[in-house]
Structures are given as structure tokens and as C-alpha cells.
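This briefing goes with the sequence and structure shown below. Points are grouped by topic.

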Amino acid sequence: MADMSPNMDELLQRGYRYALSLAHDRHDAEELLQEACLSLVQSGGRLHVGSVLTAVRHRFIDRLRRRGLTMQSLDVAAEMIREVAGPAALTSELDAELERALGALRPEERELLYLAAVEEMTIAEIAKMTDRPRGTILSLIHRAKRKVRALLIAARYA
Amino acid sequence: MQPELDNLDERLRGFYQRQSIAPATVDRLKRKLNAATTTTVAAGESVTASLSRLRRPVLIAAVFSTIAAVAALVLLVFWLSITRPDERVAHLAAQEVALNHHKQLAVEYPAATIDQLAGAMSKLDFTPVMPQRFRDNDHRVIGARYCSLRGQIAAQIRLTDTSGRTCTLYEARPMNELAEVAAAEFEIDGCRIEVWREAGLLMVLAGPAHQ
């Protein structure tokens, strides 16, 4: 993870995108970000990339637990095979396809794709953050990419 | 494979980079965070003050308990420092004797003289003797029983005077802890206790106070 101190706006946007990768719902992502940041501030913690992403992750896992689900639950993926809800307009048909494909992934798969591709974290950094073995992460990322590609191809020929 | 699938990472990056929360939402969130920071600081101070008030009685009780414990410890150390070991053992023996004197346990070996007791109490590792002070007055022996004094076998001898007042005499060999006992007098629980040595034995006499 880049060890820089982005300004607050950029920090909130990064937190939001990460929350979106987990929740795959714009409204939920905003709520997750808000709850995470407020809890950090109220507990006297500092807002930086690491703390915000971790707090967002914990909030998301708490929500799943309350519903009796986990990051690995297929039920979550099934629930999320839908377009991303929210007011933001899709910029292109390609984004719409990708969004649907991401919605078919489990939260943990989407999260790993996001951390690797967008946050450009190393496998070691992801392993530390998600508390998983490196091999598992590599395998999950590989499988997630294969799924997304397959879904994108299927969408083209649907 | 189609070109747009060749670089999935780039597509993912592009997709997520185009997702953002509206500036108005960011501003609202920032205002909330600022307010929460202020409230947290104020609440922190308030909570600290509340805890201080709540804890005050507990703190006072803890302080007084500590003072009492320290005072007791100081008194104990002071008592140990001003009393010699022989006086301490004599006092401990006197306390034991006073306690047993109040029990007024029945004699196991009724006897009229000390000599009779000497013959009857074969388990004693000494020969009981009549103290000099009782040889020329009207005290008479009623009987005796085995007992222990500071963990050592002793004879508990019951005597009475012409007025019918009873006293209890303990005799033991001055060994181990009792070897350190010096002559002393105490008044404990309404008993007058005298400790002395005579005929190679430790004598402890318990009777009514101001006898």
C-alpha cells in the first residue's frame, strides 16, 4: 500500500471504492465508509489509508455476521448478482458488463481483485491485511479473474 | 481473447476510479467527522470527570483501607521492635494459658498432692513440683490434666485456696520456643498471668486478676 498521506477527500474516495468492492452497493458503501470513519474518530484513532480500509473491512464483516454470513458465503454472491444500486450513472456498456460480473463474485474475491488491481497492494500486503496465506490469495485472485473473464465473454454472446 | 479482456487489472482500475461519492456527500461526511472529533474530545473530558466523581467514594475507601493496613503493619513492626523475643513468647504463652484457664476443663487425675500427680502422669517428660510460693500457704491441689504449651507437653494443675478461688498452674520443660521465655506478668482477659522459672521448669500461673 502506498505509504503516503492523501488529503481527506482522496482518502474518503479510496475508502468508498474499497467499501464498494466489498458491498457492491453504492448506498451500503457510503454507509460503511461513514460508520468506519466515525468509529475511528470516536475511538480517538487517526484517519489514514490503512486505518480506514481496515475499519471498513471490519464493519462489512460485522454486517455479514449479523446476517449469519461470511466473506466466503455464496449467499452473498447470489444476493449481489444485480446491478450496482445507486444514483451514479454508468459510464459505458463495458462498465455495466464489468459491474454485473463483479456482482457475481463473492465479496472476498472482489475485495482481492480491488486491493491488487486498484490499490496495487502486493500479495504480502494483502495477506497481512486479510490475514490469509499468500498461496490462498494468489489462488483466489486467479479464480476470480477467470470468473470475471468468463462472465464478460458470456455477456457478449448473450 | 478479446482486447478488453487482456488487461483485466486495467479495466478494474478504470472501473473503480470512475466510482466516487459526490462532493456534497464528501463535505457532509467531513462535517460529521469534525463534529464527532469535537464531541469525542468533550465527551472524553466529561467521561473523565464523571468517572472521577463515581470513583471518589471507592478511592476514599481504598485510601482509608490502605492507611489502616499500613498503620496496623507499623504497629506490629513497632511492637516487634520494642519487645524482646523472650517477652513475645512469654506473652504468647500467657495468652494460651488465659484461654485454657477460662475453659475450666475437668481434671483427669484428681490428686491431693503434687507427688500423687507425679506418679500418675507418666507421660510427662519431667516431674511436676509444687512451687515454692505455695508450699507455705493454704493452696491445695485438686488435680491435673495433660495439655500443651506452645506445642510442648505440659501439666495443667488445678489449685484452690481457702477462699475457694481456683487458679491454674502450668508446668513444662523450658525447651525449644519455651527456652526463650523470661519471667513476666500479664493481665489478659481478666486473668492475672505470672511466668517464672523454678526447679528447672517453666511455671505459668493463671488466676483471677488482682488476686
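## Briefing

In this predicted model, A19(A) makes contacts with A29(A), L32(A), L33(A) and V56(A), leaving aside residues up to four places away in sequence. A19(A) also belongs to the largest nonpolar core, which has 41 residues. A second, separate core holds 33 residues, including A98(B), L117(B), V141(B) and M203(B).

**The largest core**

- The residues with the most contacts inside the largest nonpolar core are A19(A), L32(A), L33(A), A36(A), V56(A) and L112(A).
- Chain A contributes two or more residues to this core from each of α1 (8-23), α2 (26-42), α3 (49-66), α5 (93-103), α6 (107-117) and α8 (134-156).
- From chain B, α2 (8-17) also gives two or more residues to this core.
- As background, nonpolar side chains in soluble globular proteins tend to be buried together.

**Chain A: overall make-up**

- Chain A has eight helices and zero strands.
- Of its 158 residues, 37% count as buried.
- Taking the contacts in chain A between residues at least 6 apart in sequence, 58% link residues at least 24 apart.

**Helix α1 of chain A**

- The 16 residues of α1(A) should span 22 Å at 1.5 Å a residue, and the end C-alpha atoms are 22 Å apart, so the two values agree.
- Buried residues in α1(A) are L12(A), R14(A), G15(A), Y16(A), R17(A), Y18(A), A19(A), L20(A), S21(A), L22(A) and A23(A).
- H24(A) follows α1(A) and has a positive phi, near 55°.

**Contact between chains A and B**

- The contact involves 28 residues from chain A and 22 residues from chain B.
- On the side of chain A that touches chain B, α1, α2, α5, α6 and α8 of chain A each supply at least two residues.
- α1(A) gives the most to that side, with eight residues.
- The residues of chain A on that side comprise 16 nonpolar, six polar and six charged.

**The sheet in chain B**

- Seven strands of chain B form an open sheet in the order β1-β2-β3-β4-β7-β6-β5, with antiparallel pairing.
- Its edge strands are β1 (109-110) and β5 of chain B, each of which pairs on one side only.
- Strands β3 (residues 152-160) and β4 (residues 166-172) of chain B run antiparallel and are joined by seven bridges.
- A155(B) lies opposite E171(B) in β4(B).
- Strands β5 (residues 184-188) and β6 (residues 191-198) of chain B also run antiparallel, and five bridges join them.
- E185(B) is placed opposite E194(B) in β6(B).
- The hairpin of β5(B) and β6(B) has two residues between the strands, and D189(B) there takes a positive phi near 50°.

**Confidence in chain A**

- The mean pLDDT of chain A is 83, and 82% of the residues score at least 70.
- Within chain A, confidence is highest in α6(A), at 94, and lowest in helix α4 (residues 74-79), at a mean of 54.
- Residues 1-5 of chain A have pLDDT below 50, and this stretch has six contacts in the model beyond near neighbours in sequence.
- Residues 85-90 of chain A also have pLDDT below 50, with 11 contacts beyond near neighbours in sequence.
- Where pLDDT is low, the predicted coordinates should not be read in detail.

Key:
Residues numbered from 1 in each chain as written. Chains lettered and ligands numbered in written order. Predicted model: local features only at pLDDT ≥ 70, side-chain atom pairs only at ≥ 80, totals over all residues. Core = buried A, V, L, I, M, F, W, Y, C linked by C-beta atoms within 7 Å. Buried ≥ 20, exposed ≤ 12 C-beta atoms within 10 Å, placed from the backbone. Helix = DSSP H or I, 4+ residues; strand = E, 2+ residues; numbered from the N terminus. Contact = placed C-beta atoms within 7 Å. pLDDT = per-residue confidence, 0-100. Pairing = 2+ DSSP bridges. Nonpolar A, V, L, I, M, F, W, Y, C, P; charged D, E, K, R; others polar. Expected span 1.5 Å × (residues − 1).
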